[in-house]
Amino acid sequence: MSESTAPKAVEAPLNFLDDRLGSTTFFKRNMKKVFPDHWSFMLGEIALYSFIILLLTGTFLTLWFKPSMVEVVYDGSYTKLQGVKMSEAYASTLHISFDVRGGLLMRQIHHWAAILFMASILAHMLRVFFTGAYRKPRELNWLIGIGMFTMGMLEGLFGYSLPDDLLSGTGLRITQGVAESIPLVGTYIYMFLFGGEFPGTDIVPRMYMLHILLIPGLILGLITAHMMIMWHQKHTAMPTQHQTEQQVYGYPFYPVFMAKTGAYFLFTFGVLALLGAFAQINPIWLFGPYDPGAISSASQPDWYMGVLEGSLRIMPNWEITAWGHTLSLNVLIPALLPLGIVFGGAAAWPFIEQWVTGDKRHHHVNTRPRNAPVRTATGMAAVTFYGLLWIAGANDVVADRFSVSLFATTWFFRFAVFLGPVLAFIVTKRICLGLQRKDADVIGHGVESGIILMSPEGRFTERHEPAREEERVVLLSKENARPEAPAVDARGVPAPGAKGPLGHLRSRLNRAWQFDDVPVEEHAENGHAELEGDKETARH
Amino acid sequence: MSDENKETAGAQEPRERVIGTPSPARDKALLADGDMSAPAGAGEQLDEASAKRAERIVALFFLLAFAGSVAFIAYYIGWSGRDGGMHGVLRARESNFWLGGTMALSFLAMAAGVTIWVRRLMASKPIIQERHEFAADPQSRAVFAEDFMAGAEDSGLTKRPLLRRTLLLAAAPLGLAPLVLLRDLGPLPEKRLRSTHWGDAVEKAKRQGKKGVRLVVDGTHRPLKVTDFAQVGSMITVLPEGIEEDVPHDQVLTQVAKAVTILINVPEEKFKPAEGRENWHVNGIVAYSKICTHVGCPAALYEQTTHHILCPCHQSTFDATDAAKVVFGPAARPLPQLPLDVEDGYLVATGDFPEPIGPSFWERG
Ligand code: HEM
Ligand code: FES
């Protein structure tokens, strides 16, 4: 557009780099990289920026935090705890809160950022799942995402435990109990983690190392891989007019996306600063130092631990003792199974789907959730399962709110975690199919125009008009069910995917995947020629 | 109904009358977000007058952001340090509000400014880019595979099994070595989890010719007389006397974490002692481990009317009158009971818990 050359201050360093690295080719190629636009695409960005904020605020905290369980007598400026014996970790956290200017703010922003980080990852994962953006060729990034969420849980657990206050000690105690329940090696893991018996004096320094070095390093590595893969593969796009499998449509990285994403970063930081300033979180000075005999009855972990908490609460007290050994199913099952199902299932899902549908193509245009009813319904079932367990983690609050007995809520959740997902599956699938029917209707017969016609005989009808082109493209993005390849091909050779019991299962699942699909298509004969309006054919 | 509608519409259109006000159906969007959720004004020829206005608004936000950061710095330097700096909750709160508030203002104002700038002032047009195939064509794959095998052959790895196998052999223990290094992370469990400090303390007392070790109140370390604890329905947390002195300093918390015990005075007539433990209580005063057998939270709540001990973590409930049997919740085992007796009017423990306290583990049996 403009003929002007860059100012010297920009050009000189660019030339410097180019002379040595040949970087101009790279910049030139990527400067105009297209970023398709959709509100849901910013969820991942929020996660990224929360992480950056965690790095910044966390680094600030390390300047004063002392990861030590040596007992000291507090003599800082919080008068209510003066003279109380506590660990150095707790005392230094009090120091950060009350004697370092901006320390409380950084602590609160750090904690809020941790919560936002996990929440935005989860939201981001849900959008990727429900739009089918994880499909080939993006399975790797899907797996990386699951890895990051899991590590975020650990990272949060360790961070929460660092200040060594009453709540964090309780969290650690539960960690110890869960470690002990592991068959065969449980007590060894317990001893090796704590450097002896609980709480000992090693656990805080060890978690500190994990929290500020090892796990953030791993997450950073995964984020880097995530971003590079994303950059290389280009974004997926929601099915709209200009988005096809062959091309992306959107605004260029420089300057539009750069500015927009900069604004998101500022928004994220701004909102977290607002929360840090006005919403108190984890006021450790109210809980007091860790005391193994004490507990605060209202202890609730951070939200991302709620599922574990809920599973532990509603599990029946099964325990097997035989041949001198004890198997604590009451701890082992809730600690491993629910998250194992959700995240293991999520990790395996892209490959299962590929196997069932036999669809090995690349997908760059996303699916609208309604157009993959089984996927959407499975996702909703998982969300329901997770959500119910999460709420069960606060069953005492639920019992209190709704004035029912704890006993009743526990039994309710014991059944609901099994029935809820099934119900969610059925309802979601129904809704998806209903929406498909509606889409088929719009394509077949147009939209209601709100114009009422009276025929000479006096009958009233509403005029239908063809949907706008943009809408038609979206609706027609649906890929209708394809008849399955016959189990035996023309030459009598069985299709590779349909052999044996596994092949059988595969074809049955394949049928279940698409048997009730509602085709959304234009009817060539009575097509929209007779409808009013522009008669462009939709591009597909 | 629509099929019919179409027919009528086709055949008799000229004579139909339109009833009511037609809604602007053409513009009715079925979808909330078309593909134009991108900058609204961007890509179009900017109207210079409105652009000027937008620019002024953006500038205003940027100025606000500037003011926010300046206020942040000014507060920090000029005000937060008055009277010798921060001290206590009030000043921490105040500083938190000012620093956080100005910081938030600065970020949010800047974010708003940039957003308006993108939406109203950027003239970039949306563009289309081709996606490319990632995979190499089969031919290049084949060539690569060939090169790979050729390299392996040149290296001799494929032709010399002795080389290959000994190399693998050499590598295997090398991977294990770091694991061995982790051995000193902690001691082996051995019998550690099977006893508490009550055992040692009772032994020491017995060596001195006493019946057992006195119970002291957690916190005050005051020995407890039977008469001090005569009120039915009360509950208190106790420890073995001398635990703070007899244990190495850095082990105190760890030993306390195992030995914490709750002492409950249940109505004697309701109390059903377990078999073989008929004389473990003193007129209905019983002692149970405070560490929940589920995953180890302190079972700290006692309900007088039902005589239930409740663990607040996952609501395991134990019956204090019935050897702390589990009546509800995920815990599988009763809280271990501590044998009690009286000596010189003081409550004493006459032995350790008969079984490991706290969560179950594989070797527990
Ligand atoms: C995904 C990344 C992270 C998560 C989820 C996370 C989470 C947390 C949480 C929940 C706390 C407790 C805060 C509180 O006291 O209320 C915490 C404390 C802490 N974190 Fe992080 N953190 C992360 C990354 C980091 C990094 C990268 C650093 C350092 C470079 C760091 C340094 C610290 C320190 C020093 C504390 C203890 C000080 C205190 O509690 O006030 N964190 N973290
Ligand atoms: S720790 Fe007591 S119920 Fe879970």
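Colleague: Buried means under 20% relative accessible area, exposed over 50%, and partly exposed in between (Shrake-Rupley, 1.4 Å probe, protein chains only). So which one does A:F27 count as?

Modeller: A:F27 counts as partly exposed, because its relative accessibility is 35%. Remember that this is a predicted model, where local features need pLDDT of at least 70, side-chain atom pairs need 80 or more, and totals for chains, interfaces and linings use all residues. Residues count from 1 along each chain as written, chains are lettered from A and ligands numbered from 1 in written order, and side-chain values use heavy atoms, without hydrogens or water.

Colleague: Where does A:F27 sit?

Modeller: In helix α2 of chain A (a DSSP run of H or I, at least four residues; strands are E, at least two).

Colleague: And which residues make the nonpolar surface patch?

Modeller: A:V10, A:L14, A:F16, A:L17, A:L21, A:F26 and A:F27, covering about 640 Å². Two elements, α1 (8-21) and α2 (23-31) of chain A, each give two or more residues. The largest share is from α1(A), with five. Patch residues have over 30% relative accessible area and no salt bridge (Lys or Arg nitrogen within 4 Å of an Asp or Glu carboxyl oxygen), with nonpolar side chains joined within 5 Å.

Colleague: Switching to chain B, what's the strand order in the open sheet?

Modeller: β7-β8-β9-β10, with antiparallel pairing (at least two DSSP bridges per pair). β7 (301-303) and β10 (325-328) of chain B are the edges with a single partner each, so one side of each lacks a neighbour in the sheet. The twist averages 35 degrees from strand to strand (between N-to-C directions of lines fitted to C-alpha atoms, on a scale from 0 to 180 degrees).

Colleague: How many bridges join β8 and β9 of chain B?

Modeller: Three, linking residues 308-310 with 317-319 of chain B. There, B:H308 stands opposite B:D319 of β9(B).

Methods:
Patches are made of residues with over 30% relative accessible area and no salt bridge: like charges are joined within 9 Å, nonpolar side chains (Val, Leu, Ile, Met, Phe, Trp, Tyr) within 5 Å.
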